[in-house]
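Here are my notes on this one, jotted down while going through the model. Have it open next to you as you read.

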Amino acid sequence: MPSTIWVCAYMTCVDGSGTNDIDYVNRIQQQLMRVVEDHLAQPNTLLEFSCAALCESLRRSSVVIGFSNLTKLYAARSTECIIKFAEQMGKLAASRKDTVTLKMKEAAAGCLGFLSCLDLSEEVYERIISELYAIGEAAPQPELQFSVGNALLDAVFGEYSPSRRNIFIESEKNFVEANGKQKYDVIEKRMHELLNTIINVKLLSTNRHLRQSAIIWLVSVTKRSATVNLSTLSEELNKIQFAFINALAESNEFTQDVASKGLGIVFELADETQKKVMMNELVSALSSGRKRVTPVTGDTPIFEGGELGKAPGGENLTTYQELCSLATDLNQPELMYKFMQLANHNAMWNSKKGAAFGFSVVLQQARDEFEPYLSQIVPKLFRYRYDPDLKVQHSMKTIWQTLTMSKKNVVEEYADEIFSELLTTLTNALWRTRESSCLALSDLMSMKCTANMEERFGDLFEILFRVQDDVKESVRLSANRALSTLMKLSIRECSSDRGAKATKLIGIILPTLIEKGLHSVVKANRMFSLKAVMDISKEAGSALQPHLITVVPCLLDALSETEPAMLNYLAARSDYDELEALDTARAGMANTSPMMQTLQDVVPFITKQTLTDLIPKLCNTLRSSVGLTTRTGACQFVINVCLRKQQIMIDSKAACDKLMKALFSGLRDRNATVRKQFSSAISYLIKFCSDSQIESLIKFLKDKLDGDQEDDRLTALHILRALSTNNNEFLSGCASSLIPYVFMATCQQVEKGDEAAKKNLEMWEELWSEMITETNSTIRLYQKEMIDLAVRTLKENPIWIMKSQSATMLSRIIEAINEDIEPSDAGAHF
């Protein structure tokens, strides 16, 4: 049976004896139509063969019997018969039964197209076109819609359709020109109506399936019409172009791809003005997105299925009506605005993705024409390649590959433009834009760094610090990655071997790192900035010298800021002895910290001018800082400078005097550890100071030792011990002034059970043994000064403890010199 059907159809398609008889062809085609009609209820293989055979017969029979005889063939059929058959083919092509195969549907669509001729009545022609349009309203079947698009063209051209040619020996253009020129006006009229309906009706439908089908039809019709030079196509080319560009905003990726192919076809047909308009539209769509204007009804899909999940009751959240129902059920009408805003955002990114499809196709054909637009396109394309949406990312990478295929070093050429674009989009309102900007920036800096980019590093650090505090975790991670890359690049560019260039860059970076980073409320920013400052300081070497007055106070402040908060908690709840032990440990930790190590590394780059400029800030830190470790760290820094820059210190007496005055303020601090550290710093600094400061120190020590406050006497003890250990030459030079006071301190009385007083006495005795060689000989050497001090204290000091201590001192002096006392002096001593 199938072979018989095909033989019959073949007989109507080939010139031969009897086959060009109109009645003969009509009978065969009528019989094939009846076979098709008989099997429509239960589709099977025979129906598929019958439809295909009939389609082929309708295609070629008009050529075989001659175009002039085609009117007679149709006259032999009633209008009702043709309309009925058109309805049957339309239902078959639009059927959703599983038993109806794609081949059946394609053959049915083909039959509808070849059923048309230019002499058909308007009613019949409109019915055929309507049945073809109806096929696109069902669920999407892209393969079928391409066949429908061809059928629409066949219906428009009627018996002169290019599809009716002998495909082996005739081209579409030659076939139409040879046979259909005399009826071009009818064809042009039909084509105008078809394009107008597709563009102004079908593509604006609320049915997304119909819109997808319509764009496929438009591509098919445009592509095939272009081969026969219809004037209607040229006239409507602008509308077709904008239809394809609008279709790029569809959410369906296949539709976007088809529209991009259509743009490629239009671009080939367009003149220079139209090409320029198209390129401007594509660049605009790629840059800022393009929003579709589509009428919204209750059944209009706003989101794809599953994008928003399910409603609490299990209903879908896809159409406008379903979204409204959810907002009503939750008694939150404002929720609808949020849904629509989200849909609007989604549509914008879909349009950008679609523009990427179109851009890629057109770019392959017009690389030179796009050259003036590259400065706008490349920065955005570079960022879009890092979009979190993998589909958008893939689309943009495709364009990038097409762009860089023929043009090398694109990033190097447009690095500054890319950087400026990313700097702007880092703080965009959309999280996906911020995230992609951070990732793109990280890669850009790894690939290329220009002088213009370096000048904006300060702004970049500030912006990235803000983004690192983003509400979305993925954005924070991206910002951290960008900051890490920026820090590595900055450290490399600030290396000492880059000279003045490194100094300039440090001046750009440091203010932001300190003001916006170290003072940030975000802990991650503070830690990052501190590490960046330390790493730059270590690598910069001599290039850091002009910036030491900024770096040193910054690192000193960081000593306290990086301390665990738990230490302050423990300090507030410790007794005196525990607090002293804890503070001593804290000071020790600070002296071995990375910040202090960095401070030691920068000491060799201090000059006389640097020291002069640094002293006011250093003095302010010593006097006013509230952090224990900052103040003790500043003392340690002073010690390091004294040890490693002695000549500069000798030449800077005025600066040393200012520093000494600041150190004196710490000797009055309530914290014992602070007093010890300041005492140690004074012991190193005093030898570089003027005589007036030396006299002030000696007077300070005497006043403290004359007093009855134990803390004051301990302060003096710390200074003297530090001088004994670190600056013994100075202590030897003023021995006559200080040794009597030290000896008197060793004469204090200790009550039984007073461990603190006993410990203090032991320290004084230890200091005494360090300062002298032998007690009796020292007493003999300084007996006049010692006796004068003891007598003056007995006479003038109102404090009983000091009087007792002086008496003990006199007793020990007399015991040491009793053999040497002259009788004439004994009375005076008494």
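1. Which residues does Glu 236 touch, not counting residues up to four places away in sequence? Keep in mind that this is a predicted model. The residues are His 192 and Leu 195. Glu 236 itself sits in the loop between helix 12 (231-235) and helix 13 (237-247). Despite the loop position, Glu 236 counts as buried, because its relative accessible area is 8% and the cut-off for buried is under 20%.

2. Now go to Ser 652, which is also worth a look. Ser 652 lies in the loop between helix 34 (646-650) and helix 35 (653-666). With a relative accessible area of 5%, Ser 652 is buried. Leaving out residues up to four places away in sequence, Ser 652 is in touch with Lys 608 and Leu 611.

3. Stepping back to the whole chain: the secondary structure amounts to 45 helices and zero strands. Of the 830 residues, 53% are buried. As for contacts with a separation of 6 or more, 71% are between residues 24 or more positions apart.

4. On to the outside. The chain exposes about 37400 Å², and 51% of that comes from carbon and sulfur atoms. One spot to check is the nonpolar surface patch formed by Ile 167, Phe 168 and Ile 169, which together have about 410 Å² of accessible area. Ile 167 belongs to the loop between helix 8 (142-157) and helix 9 (172-179). Is Ile 167 buried or exposed? Exposed: its relative accessible area is 52%, and the cut-off for exposed is over 50%.

5. Two or more lining residues come from each of helix 30 (576-591), helix 36 (672-685), helix 38 (710-726) and helix 41 (755-771). Which helix gives the most to this lining? That would be helix 38, with seven residues.

6. If you have time for just a few views, I'd pick these.

Note on methods. Residues numbered from 1 in each chain as written. Predicted model: local features only at pLDDT ≥ 70, side-chain atom pairs only at ≥ 80, totals over all residues. Heavy atoms only, no water. Helix = DSSP H or I, 4+ residues; strand = E, 2+ residues; numbered from the N terminus. Buried < 20%, exposed > 50% of the residue type's maximum accessible area, 1.4 Å probe, protein only. Contact = heavy atoms within 4.5 Å. Areas by Shrake-Rupley, 256 points an atom, 1.4 Å probe, with all protein chains shown as cover. Patch = residues over 30% accessible without salt bridge, like charges linked within 9 Å, V, L, I, M, F, W, Y side chains within 5 Å. Salt bridge = Lys/Arg side-chain N within 4 Å of Asp/Glu carboxyl O.
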